[in-house]
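This report describes selected salt bridges, a helix packing and a loop residue. The sequence and structure are shown first.

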Amino acid sequence: AFKNINHLGALVDDILDIEKLGTDQMTFDFQPADLTALVRESVASNQSYADEYGVHFQMDGTQDIQVKCDSRRMSQVVANLLSNAAKFSHRGGTVKISAHRQDGMARLSVSDQGVGIPEEFHENIFERFTQSDSSDSRKVGGSGLGLNISKNIVEKHGGTIGFDSTPGVGTTFHVDFPVLQRVLLTRSNSDWSGAQYLIGK
C-alpha cells in the first residue's frame, strides 16, 4: 500500500508538471552551476532506483562544466533518465552517466545495458503517456510522462534531448545545452575586477 501511494503521488506530480509546462506556469530559477557536481548529487540521491532493480550506477568520463540552469529542474531530468535506465536494465547491469563537452556544448549522457527501444517507438518516445513496450512497461511501471516532462524542461534551458538505442543491447539518452564560458574582467577595461559568465560555445 505504501509503495502504491508513492507511485500515485509521483503520477499526480507528473500531471501537475505537464499542466504547468503546457500553460507556461512552471517557474525556473536559472543560475550558474557545475553540471558534474549536480549530476553526482542526483546519482547519489537516486541510488534507490539502482538498488530496487539490481543495477549499478557508474559515473564515467566526467568533466568540470559550468552551465546556466535551474538545478532543481535539471535534477528532475537526471532522475527521470536514471529511473528509466534502471527500470529497463537487466538485473546486474550497469548504468553509465557522464557529463562532458561535445561539439562546443555540455552533454549529459545516461547509458543502460537494457532491452532497448523498438524502432517503431523511436518517433513518438517523447510524447505523453508513451511507453516503449507494453509488456515491459506493465512489469516495471511508470506513467509514460517522464520523458515528455524532461524534453520540455531541457528545451526551456535552450537545449535538446535525444537517444541512440539498439534492441537487446541498450539505450543512451543524451541532453545537450549551452555551456557557460567565464570571462575575466580587469580594472583596465572596467571598473570591476572579477568574473562573469556568458552563454556560448
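## Salt bridges and packing

Arg 107 forms a salt bridge with Asp 176, with the closest N and O atoms 2.7 Å apart. Arg 107 belongs to strand β5 (residues 105–111) and Asp 176 to strand β7 (residues 170–185), so the pair ties together parts that are 69 residues apart in sequence. Both Arg 107 and Asp 176 are buried. The model is a predicted one, and a search of the whole structure finds 2 salt bridges.

A salt bridge is also formed by Glu 155 with Lys 151. Both Glu 155 and Lys 151 lie in helix α6, 4 residues apart, about one turn of the helix. Glu 155 counts as partly exposed at 43% relative accessibility, and Lys 151 counts as partly exposed at 28%.

| Salt bridge | Closest N and O atoms |
|---|---|
| Arg 107 with Asp 176 | 2.7 Å |
| Glu 155 with Lys 151 | 2.6 Å |

The axes of helix α2 (residues 35–45) and helix α4 (residues 71–87) come within 9 Å and cross at roughly 50°. That angle makes α2 oblique to α4, and the crossing of α2 past α4 is right-handed. Leu 38, Ser 42 and Val 43 of α2 make the contact with Ser 71, Met 74, Ser 75, Val 78 and Leu 82 of α4. By class, this contact of α2 with α4 has 5 nonpolar, 3 polar and no charged residues.

Leu 145 is located in the loop between α5 (134–140) and α6 (146–156). With 1% relative accessibility, Leu 145 counts as buried. Leu 145 and Phe 126 are 19 residues apart in sequence, and their C-alpha atoms are 8.2 Å apart in space.

Note on methods
Residues are numbered from 1 along each chain as its sequence is written. This is a predicted model: local features need pLDDT of at least 70, side-chain atom pairs count only at pLDDT 80 or more; totals for chains, interfaces and linings use all residues. Side-chain values use heavy atoms; hydrogens and water are left out. Axes are lines fitted to C-alpha atoms, for helices over the stretch in contact, and angles run from 0 to 180 degrees between N-to-C directions. Helices (H or I, at least four residues) and strands (E, at least two) are DSSP runs, numbered from the N terminus. Angles under 35 degrees count as roughly parallel, over 145 as roughly antiparallel, 65 to 115 as roughly perpendicular and the rest as oblique. A crossing is left-handed if the near helix is turned anticlockwise from the far one by less than a right angle, and right-handed if clockwise. Contact means heavy atoms within 4.5 Å. Ala, Val, Leu, Ile, Met, Phe, Trp, Tyr, Cys and Pro count as nonpolar, Asp, Glu, Lys and Arg as charged, and the others, Gly among them, as polar. Buried means under 20% relative accessible area, exposed over 50%, partly exposed in between (1.4 Å probe, protein chains only). A salt bridge is a side-chain nitrogen of Lys or Arg within 4 Å of a carboxyl oxygen of Asp or Glu.
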